[in-house]
Amino acid sequence: MDITSPGEGRAHARKRRGAVKLALAAAAGSSIFLSLVFPAAAHAAYPEQPINLIVPFPAGAGTDLTARTIAMCMETKLPNAHFIVLNKPGAAGDIAMGYLAHAAPDGYTIGIVNTPGIVSLPIERKRNYSIASFDFIANLVEDPATINVRSDSPIKTVQDLIEAAKKNPGSLTVGTQGVGSAGHISALILEHAAGIKLTPVPFQGTSPASVALLGKVIDSTTANLGEAMTFAKGNPWRIVGVMSQARSPAAPDVPTFKEMGLDVSSGSMRGLAAPRGIPAEAMARLADAVDQCNHDPSYLEKAKATFQPLHYMKRDEYVENLKALDKQLRELWAINPWTL
């Protein structure tokens, strides 16, 4: 039996409470010490898991090549980063952009977005996204549009193309990457400027359209310059003209439509974006990695070797360009709506 007096009991209780407080204080101190000495253990830096990179066109196309090139470089600039490239082709990029817009804005899903699709598709019809649905990281590439035929085609020049289209309006087929895609918009701009009528044939991307051209399924196809130069290697392929203000240093022998009397400019910007609301830390680290890549000789050489005309724009400049394109395409839509 415990015969401790009431006074002694209270003294023991006070001692026990003091010991507990001391133990808690020691534990708290140890926690603070560990967080100071080992900060990574207290809060791991982004990224802590693989980053999905969504690509709106099939493997092998120019956009896919841009995605894989920048992902490979960013892995060397962003500690612990691993990118998983996920191709989600279809509907001129609409499927991928809708998926990206509604992905969790946690920094672990980003994507390549292309103009004009990122702008034109929401103009064309009601979509569940717009340019306001994204946080834009940086632009990577600006690739002018081209019109291409087989090398055995009677169409050898821009003028030949226009004359053939005027002779039989609507008889000349041209492959595009879908309604509202860069290729489709380029064909519409050409029609409007030259006063001709073409018959666009939609495909899921540049690769299947190019295969159809080589197989003589279609008469011509649109492609961005980098893609056209890639397909021209070792194939019966002719680039008729490029829709840029000046000849490209990458293809100095390819004339511009402007030289032929048509002041048309069209093409595609390819940039990186994330769902709206990405954490500031993730945005900063991703943007910094892209910036480092655009000063990396290895990345620059790889882009040059694979015909990717780089045009690096940081976020603010990139967003301003997208807003300007939105205005231009809304004006084009008012004149000549593109429809299914």
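The model is a predicted one. The chain has 340 residues, and 49% of them are buried. Its secondary structure comes to twelve helices and ten strands. Among contacts in the chain with a separation of 6 or more, 78% are between residues 24 or more positions apart.

**The disulfide**

- The count of disulfides comes to one. This disulfide joins Cys 73 to Cys 293, with an S to S distance of 2.2 Å.
- The link of Cys 73 and Cys 293 is left-handed, with -115 degrees about the S-S bond.
- Cys 73 belongs to helix α3 (residues 62-77) and Cys 293 to helix α10 (residues 280-293), so the bond ties together parts that lie 220 residues apart in sequence.
- Cys 73 has a relative accessible area of 7%, and because buried means under 20%, Cys 73 is buried.
- Cys 293 also counts as buried, at 0% relative accessibility.

**Helices α3 and α10**

- Two packed helices are described by the angle between their axes and the distance between the axes.
- For α3 and α10, the axes come within 9 Å and cross at roughly 110 degrees. The two helices are therefore roughly perpendicular to each other, because angles of 65 to 115 degrees count as roughly perpendicular.
- On the α3 side the contact involves Ile 70, Cys 73, Met 74 and Lys 77, and on the α10 side Leu 286, Ala 289, Val 290, Gln 292 and Cys 293.
- By class, the residues of this contact are seven nonpolar, one polar and one charged.
- Cys 73 and Cys 293, the two ends of the disulfide, are both listed in this contact.

**Helices α5 and α12**

- Helix α5 (residues 117-124) and helix α12 (residues 315-335) have axes that come within 9 Å and cross at roughly 40 degrees. That angle makes α5 oblique to α12.
- The crossing of α5 with α12 is right-handed.
- From α5, the contact is made by Ile 118, Val 119, Ser 120, Ile 123 and Glu 124; from α12, it is made by Leu 322, Leu 325, Asp 326, Leu 329, Arg 330 and Trp 333.
- These contact residues divide into seven nonpolar, one polar and three charged.

**Cis peptide bonds**

- The peptide bond from Tyr 46 to Pro 47 is cis, with omega near 0 degrees. Pro 47 lies in the loop between α2 (39-42) and β1 (51-55).
- The peptide bond from Thr 115 to Pro 116 is also cis, with omega near 5 degrees. Pro 116 lies in the loop between β3 (109-114) and α5.

**Positive phi outside glycine**

- Asn 80 is not a glycine, yet its phi is positive, at about 70 degrees. Asn 80 sits in the loop between α3 and β2 (83-87).
- At 70% relative accessibility, Asn 80 counts as exposed, because exposed means over 50%.
- Lys 216 likewise is a residue other than glycine with a positive phi, near 65 degrees. Lys 216 sits in the loop between α8 (206-214) and β7.
- Lys 216 is exposed, with a relative accessible area of 56%.

- Asp 160 is found in helix α6 (residues 158-167). Its relative accessible area is 26%, and Asp 160 is partly exposed.
- Leaving aside neighbours within four places in sequence, Asp 160 is in contact with Pro 154 and Ile 155.
- From C-alpha to C-alpha, Asp 160 and Val 240 are 9.2 Å apart in space, while in sequence they are 80 residues apart.
- Asn 224 is found in strand β7 (residues 220-224). At 8% relative accessibility, Asn 224 counts as buried.
- Which residues are in contact with Asn 224, leaving aside its neighbours within four places in sequence? They are Asp 143, Pro 144, Ala 145, Thr 146, Gly 267, Ser 268 and Arg 270.

Technical notes
Residues are numbered from 1 along each chain as its sequence is written. This is a predicted model: local features need pLDDT of at least 70, side-chain atom pairs count only at pLDDT 80 or more; totals for chains, interfaces and linings use all residues. Side-chain values use heavy atoms; hydrogens and water are left out. Axes are lines fitted to C-alpha atoms, for helices over the stretch in contact, and angles run from 0 to 180 degrees between N-to-C directions. Helices (H or I, at least four residues) and strands (E, at least two) are DSSP runs, numbered from the N terminus. Angles under 35 degrees count as roughly parallel, over 145 as roughly antiparallel, 65 to 115 as roughly perpendicular and the rest as oblique. A crossing is left-handed if the near helix is turned anticlockwise from the far one by less than a right angle, and right-handed if clockwise. Contact means heavy atoms within 4.5 Å. Ala, Val, Leu, Ile, Met, Phe, Trp, Tyr, Cys and Pro count as nonpolar, Asp, Glu, Lys and Arg as charged, and the others, Gly among them, as polar. A disulfide is a pair of cysteine sulfur atoms within 2.5 Å. Buried means under 20% relative accessible area, exposed over 50%, partly exposed in between (1.4 Å probe, protein chains only).
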